[in-house]
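Hello,

I am handing over the structure below. My notes on it follow, for reading alongside the model.

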Amino acid sequence: MSPRAALGDLEQAVMDHLWSAQEAAGPGWAGVSVREVHDVLGPRRDLAYTTLMTVLDRLAKKGLAERERDGRAWRYRAAASRDRLTAEALRTTLDPLAGDDRRAALLHFLDRSTPEELDDLRAALAELEQRRAERA
């Protein structure tokens with residue numbers, strides 16, 4: 001499994017913070033420092049500054065976060081959108097499976113889906129077919 005697909009609980013919380021901050025700030029956002037992440041997540045989860053520094057460093061090494069020097073500190077932002085990371089995790093899981101196994105895995109997944117999720121899937125398939133038809 002790709003390291004990008006396997007996020008721990010704290011890594012997920014940090015990525016959620018990066019995505020939320022990025023969405024709130026919009027284009028041109030310079031990212032957040034470890035201190036800024038710690039100010040939000042540290043008190044809530046009783047985390048040391050150095051713990052968040054380590055998590056952000058690991059996320060950067062995994063390619064999930066990008067960082068840029070800002071004086072003596074680093075500023076971090078998500079390397080990809082939440083949607084793109086989720087799609088990549090699904091692709092990483094499905095790619096090693098051959099035809100029948102892939103179909104069986106998809107059926108198991110879909111069998112546990114809610115009616116709303118199935119509606120979302122149908123809408124996504126219709127949108128995909130429309131995009132492909134426009135490109136052809």
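**What was found**

Of the 136 residues in the chain, 26% are buried, where buried means under 20% relative accessible area, exposed over 50%, and partly exposed in between (1.4 Å probe, protein chains only). This is a predicted model, in which local features need pLDDT of at least 70 and side-chain atom pairs count only at pLDDT 80 or more, while totals for chains, interfaces and linings use all residues. Residues are numbered from 1 along each chain as its sequence is written, and side-chain values use heavy atoms, with hydrogens and water left out.

**Overall shape**

The C-alpha trace of the chain spans about 50 × 30 × 25 Å along its principal axes. The chain has a radius of gyration of 18 Å, whereas a compact globule of 136 residues would have one near 14 Å. That radius is taken over C-alpha atoms, and the globule rule is 2.2 Å times the number of residues to the power 0.38.

**Elements**

The chain holds 6 helices and 3 strands. Helices (H or I, at least four residues) and strands (E, at least two) are DSSP runs, numbered from the N terminus. From that end, the elements run α-β-α-α-β-β-α-α-α.

**The sheet**

The 3 strands form an open sheet in the order β1-β3-β2, with antiparallel pairing. β1 (32-33) and β2 (65-70) are at the edges with a single partner strand each, so one side of each has no neighbour in the sheet. Two strands pair if DSSP finds at least two bridges between them; β2 and β3 (residues 73-78) are antiparallel and joined by 6 bridges. A65 has A78, in β3, as its bridge partner.

Helix α3 (residues 49-61) lies across β2 and β3, at about 115° to β2. Axes here are lines fitted to C-alpha atoms, for helices over the stretch in contact, and angles run from 0 to 180 degrees between N-to-C directions.

In strand β1 is S33, which counts as buried because its relative accessibility is 12%. Leaving aside residues up to four places away in sequence, S33 touches W74 and R75; contact means heavy atoms within 4.5 Å.

**Helix α5**

Helix α5 (residues 99-111) has 13 residues, and its end C-alpha atoms are 18 Å apart, in agreement with the 18 Å it should span at 1.5 Å a residue. The expected span is 1.5 Å times one less than the number of residues. α5 is hardly covered: the count of buried residues in it is 0.

Regards
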